[in-house]
Amino acid sequence: MSEEEGLPLAKPVVGVPEEQLVAEVLRSGHLSLGPRVIEFERLFAEFVGARFAAAVSSGTAGLHLALRAVGVGDGDEVITSPFSFVASANVALYERARPVFADIDPVTLNLDPAAAEAAITARTRALLPVHIFGYPADMPAFERIAARHGLGIVEDACEALGAIHADGRAVGARGNPAVFGFYANKQITTGEGGMVTLGDPDMKARIDSERNQGRAPDMGWLDHDRLGFNYRLSDIACAIGIAQMARLKGLLKARALVAGYYRDALAGIEGLDLPCEDQGGNRRGWFVFVVQLQRGVDRDGIVRRLAELGIQSKPYLPAIHLMSFYRERFGRREGEFPVCEDVAARSLALPFYPGLGEGEVERVAEALRSACGR
Ligand SMILES: Cc1ncc(COP(=O)(O)O)c(C=O)c1O
């Protein structure tokens, strides 16, 4: 939907600095495997407080390489959240491993550590918690479980740039491979793109090699010593990312401001649950503003009524295990993960991006109030 048609769900903030840096890359002729990749990685690792970062072509590519790096392979099981974007489960299938779902916490909407531990079998190889909607997953609990059972951890931080754990460390700084995404709706965007932050130099070398067709840095152009992929992020994309990093703090603040407008404007709508407040020192990195409608409300009707008023909204997120591919391939059915299914049936994403004005948020709130009241 264009701006003229109403309020879109998301809108990236890009401008002159991006254009200038991209123009420089184009003039340099070094469009891929060049210095902008290294610079973007350095800036990103520094911001997050991670030892290393590896730029990749998407969040999905990063999750795939991170799972390989922690040793997931044929026949393994990876425990993850059914309340996520489908990529976090699909990546296990790329390695002929099986995504095993466990239910979520009804407040944070993140994978529930106790449910994850209960799902461990002799085949479990890794845990893949997702920092959903930018709210930090309970990593200390997952790290204890992983240590007890000898498992790897990959963090899906695709929605969580700017999120902070209770101990003050940023999401992505704990040393586990953590994967960020730069699709156009994310906190920063490179159009498409991703970044893996991590603490282990051998894993960093492996990911660098596997994103580049399995070539080590000291090897010749057409020599490859392992299986790899083309998961590179171009210097053009990295130049956009570098410009976005320069405004990241402002972008995060602007998102938090819009979230504050929503909290005020939506207060008091009967039966409407808002995203959980930050708890116990954890801080959300704002990505989307998703509300939970009252049980039994006609969500599709509300989406239609908001659209009539020029406001985009979207059921978000659907439960992964109930998607047709997962039903057909794995025989998944309703009732397996009741918390996730309840949340997924009631969730609605509202327009949310830096620069959305207080008046516009109030207009969305008014429209939602009237739509819910009908
Ligand atoms: C939770 C989550 N995981 C994974 C991804 C995949 O990232 P990408 O679209 O960059 O491949 C996304 C992005 O939409 C996401 O939100």
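My contact criterion is heavy atoms within 4.5 Å. Axes are lines fitted to C-alpha atoms, for helices over the stretch in contact, and angles run from 0 to 180 degrees between N-to-C directions. Helices (H or I, at least four residues) and strands (E, at least two) are DSSP runs, numbered from the N terminus.

The model is predicted: local features need pLDDT of at least 70, side-chain atom pairs need pLDDT 80 or more, and totals for chains, interfaces and linings use all residues. Residues are numbered from 1 along each chain as its sequence is written, and side-chain values use heavy atoms, without hydrogens and water.

Strands count as paired if DSSP finds at least two bridges between them. Strand 7 (residues 178-181) and strand 8 (residues 194-198) are antiparallel over 4 bridges. Ala-178 stands opposite Thr-197 in strand 8.

I found another open sheet of 4 strands, in the order 3-2-4-5, with parallel pairing. Its edge strands are strand 3 (98-101) and strand 5 (152-153). Strand 2 (residues 77-80) joins strand 4 (residues 124-128) through 4 bridges. Thr-80 has Leu-128 as its bridge partner in strand 4.

I moved on to helix packing. The axes of helix 9 (residues 248-266) and helix 13 come within 9 Å and cross at roughly 40°. The contact residues divide into 9 nonpolar, no polar and 3 charged. Among those in helix 9 are Tyr-261 and Tyr-262, and helix 13 contributes residues including Val-361 and Leu-368.

Last, helix 10 (residues 299-308). Which of its residues are buried (under 20% relative accessible area, 1.4 Å probe, protein chains only)? I listed Arg-299, Gly-301, Ile-302, Val-303, Arg-305 and Leu-306. They pack against strand 10 (314-315), helix 12 (338-346), strand 11 (347-350) and helix 13 (358-373). At the start of helix 10, a side-chain oxygen of Asp-298 reaches to within 3.4 Å of the backbone nitrogen of Asp-300. Just after helix 10, Gly-310 takes a positive phi of about 80°.

Key:
Buried means under 20% relative accessible area, exposed over 50%, partly exposed in between (1.4 Å probe, protein chains only). A polar contact is a pair of N or O atoms within 3.5 Å; within protein, one must be able to donate a hydrogen and the other to accept it, and residues adjacent in sequence count only if both atoms are side-chain atoms. Ala, Val, Leu, Ile, Met, Phe, Trp, Tyr, Cys and Pro count as nonpolar, Asp, Glu, Lys and Arg as charged, and the others, Gly among them, as polar.
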